[in-house]
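I opened my notebook to look up a few spots in this protein. Here is what I wrote down as I went.

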Amino acid sequence: MKKVVKFGGTSLADSAQFRKVRDIVLEDEARTIVVPSAPGRRSANDVKVTDLLYQCYGLAAAGKDFRRPLQAVRDRYAEIVQGLALSLPLDEEFRKIEENLTSAPERDYTASRGEYLNGLVLAEYLGFAFIDAAALFFFDDAGNFDAARSHGVLTARLDEAPRAVVPGFYGTDPAGRVRTFPRGGSDITGAIIAGACGASVYENWTDVSGLLMADPRIVKNPRVIRDITYSELRELAYMGATVLHEDAILFVRRAGVPINIRNTNQPEDPGTWIVGHTAKQSSHTITGITGKKDFCSIILAKDRLHSDPGFHSRVVRCFEESDVPLEHLPSGIDTMTVVVHASHFLDREQEVLARLARVARPDTLDIEPGLALIAVVGRGMKSRSGTAARIFTALAKVRVNVRMIDQGASELNVIVGVLNEDFERAIRSIYGAFVEEDPPD
């Protein structure tokens, strides 16, 4: 069975990283399709190649001199090619990029050249075939991915080249123009290929040894999640955990292909397995904790609200008509609370409030800003009682007041609302209660 392996920007940042990637790929003969990102940062103060290319486009589109950032891109590839002792001239490729920037700069074309050039270099270094993503991935005139057309071409071309490097991030539209996926799109490229070729696993290699149970900027040395279901991952990603691009998860989930997150710098680590279903019990009651700040809760009260079956729908419509997405809708007998993110709400606040007064006609309306939502996620919560009580106890120990609590119907998550200023303290306390005070089974 084939393994599709995608390497992120930090995994391919310089020639030393390329050598690690080569060892990883050639160590397992099942790793037959490789998807590279553009070179990432080599240090904290470095600039990603894709960001340099965006600089080139911005300058060119404004009629300004773009040669300095383009030379920085040339220098990055010169270091990689020379460091790998390859005989691979890239002068003609850079001539084409410069010509495009000079005559009619195209944002997507320019941004995609990092993945394209990395694909050329990596294919040469591995001795694999190079297949340009422009010949495999198709978009419509509006820039939407054409999955049906791409799938047929993908399977045929990959059968012809059983060991291949395919650059991530881009494809072409009907006019032959390069189109890109959103940032992080190489994850999507790898996922589409894994699904199309029926891969046994989609390995996503990065600079961490798997997904962490909490944000390491908040919790010191959080534990690695060994196994997580797609459903759990969706809950964590929705509430702010940055893992893989959401579309990447969708493509492999549909095809039933598991994902293995691995560390290029520590390839012996097993990493995290992301799967559709598993009989494995999670090591702890919870799988992970994440959250976001800056929500607002709008609390509407109305006597005998339960006798007005249209009240909830009228409230929701007020937000929909103002294009404000809803996050949560906890309610009581005579109250309804609408939780929205401040970034979507504040600019339309008065418009929404006027609609609510006119259409919903609540008896009272209060707004509470500065709310943070914390998602406590885990399949283990289904089989273990007292999860909510443990959360409340953990927060009470550090004097954090709970402003809201909401449990999803799936029983995979509990959402807790606290004040922004209590956010980090609350996460550390919950993590401690469920992980540090709760030894693995």
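**Entry one: the record.** I am working with a predicted model. I checked UniProt, where an unreviewed entry lists Thr50 and Glu115 under "binding site". I wanted to know where they sit relative to each other: they span 66 residues in sequence, but no two of their C-alpha atoms are more than 8.4 Å apart, so they gather at one spot.

**Entry two: Thr50.** I found Thr50 in helix H2, which runs over residues 49-61. Is Thr50 buried or exposed? Its relative accessible area is 6%, and anything under 20% counts as buried, so Thr50 is buried. Leaving aside neighbours within four places in sequence, Thr50 is in contact with Ala38, Ala111, Glu115 and Arg183.

I moved on to strand S9, residues 259-263, where Arg262 is found. I looked up its relative accessibility and got 12%, so Arg262 counts as buried. What does its side chain reach? It makes a polar contact with the side chain of Asn260 at 3.3 Å, and it reaches the backbone oxygen of Asp269 at 3.1 Å.

I counted 15 lining residues, with Val224, Ile225, Arg226, Ser282 and Ser283 closest to its centre. The lining divides into five nonpolar, five polar and five charged residues.

Conventions: Residues are numbered from 1 along each chain as its sequence is written. This is a predicted model: local features need pLDDT of at least 70, side-chain atom pairs count only at pLDDT 80 or more; totals for chains, interfaces and linings use all residues. Side-chain values use heavy atoms; hydrogens and water are left out. On a 1 Å grid over the protein atoms alone, a cavity is a set of points where a 1.4 Å probe fits but cannot get out, and a pocket is an open set with protein on both sides within 12 Å along at least five of seven lines; lining residues have an atom within 4 Å of a point. Ala, Val, Leu, Ile, Met, Phe, Trp, Tyr, Cys and Pro count as nonpolar, Asp, Glu, Lys and Arg as charged, and the others, Gly among them, as polar. Helices (H or I, at least four residues) and strands (E, at least two) are DSSP runs, numbered from the N terminus. Buried means under 20% relative accessible area, exposed over 50%, partly exposed in between (1.4 Å probe, protein chains only). A polar contact is a pair of N or O atoms within 3.5 Å; within protein, one must be able to donate a hydrogen and the other to accept it, and residues adjacent in sequence count only if both atoms are side-chain atoms. UniProt positions are given in the numbering used here, feature names are shortened, and annotations may be inferred rather than shown by experiment. Contact means heavy atoms within 4.5 Å.
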